[in-house]
Amino acid sequence: NTNKLLENLANQLSSNQSFSMVSAIGKMASIGTNEIPLSEGSSVTFEMYFQDDIQSGTIEITDRDGNIVKTFPLDAQSGGVLAFEWDGLDDSGNQLPEGFYSITANYLNSENIEKETEYGVYPIESVRFDGGETYLKLGSSYVPMSYIVEVY
């Protein structure tokens, strides 16, 4: 009986822990990296979260050595989760080699205050439970809870 009771208690604790993630909705989550993989000859679609409306700014893509390889201008637009596509070319039009590239953005909000953000940090929009796993909706994707390194 003790073993059965302990098993039931463990299942309840696990269930309670999963449902406690619902309180994370509206908080920020980080996947712990701002890098995206580039396959040679392919384009990459990525999303970034902008806390404020954007007046102007730039997105910078850097290689593993910290060299800026590509810069995208940001025009005036509403903030939120925005999607971008990168063709894998540098600012000179050369194809970059396969690898991981970091993405950051610096921008002015509508009040001319400098802001910055990076790929991999998003607000938690919802929580989904599927097959015993917990998933958080970050941007347009559901990410397994095990991928999240920080919630704040």
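**View 1. Ser141 in strand 11 of the predicted model**. Strand 11 covers residues 141-144, and Ser141 belongs to this strand. With a relative accessible area of 38%, Ser141 is partly exposed, because the value falls between the 20% and 50% limits. Thr71 is included as a reference for distance: 70 residues separate Ser141 from Thr71 in sequence, and their C-alpha atoms are 25 Å apart in space.

**View 2. Trp86 and Phe50 in the largest nonpolar core**. This core has 34 residues, among which Phe50 and Trp86 touch the most other members. Strand 3, residues 44-50, contributes five residues to the core, the most of any element. In general, nonpolar side chains in soluble globular proteins tend to be buried together.

**View 3. Surroundings of Trp86**. When residues up to four places away in sequence are not counted, Trp86 touches Ile36, Leu38, Ser43, Val44, Phe46, Ile61, Lys70, Phe72, Leu96 and Tyr101.

**View 4. Ser30 in strand 1**. Strand 1 is formed by residues 28-30 and contains Ser30. The relative accessible area of Ser30 is 10%, so Ser30 counts as buried, the limit being under 20%. A polar atom of the Ser30 side chain lies 3.0 Å from the backbone nitrogen of Gly32.

**View 5. Contacts of Ser30 beyond its sequence neighbours**. With neighbours within four places in sequence left aside, Ser30 is in contact with Gly120 and Val121, and also with Tyr147, Ile148, Val149 and Glu150.

Key. Residues numbered from 1 in each chain as written. Predicted model: local features only at pLDDT ≥ 70, side-chain atom pairs only at ≥ 80, totals over all residues. Heavy atoms only, no water. Helix = DSSP H or I, 4+ residues; strand = E, 2+ residues; numbered from the N terminus. Buried < 20%, exposed > 50% of the residue type's maximum accessible area, 1.4 Å probe, protein only. Core = buried A, V, L, I, M, F, W, Y, C linked by side-chain atoms within 4.5 Å. Contact = heavy atoms within 4.5 Å. Polar contact = N/O pair within 3.5 Å; in protein donor to acceptor, adjacent residues only side chain to side chain.
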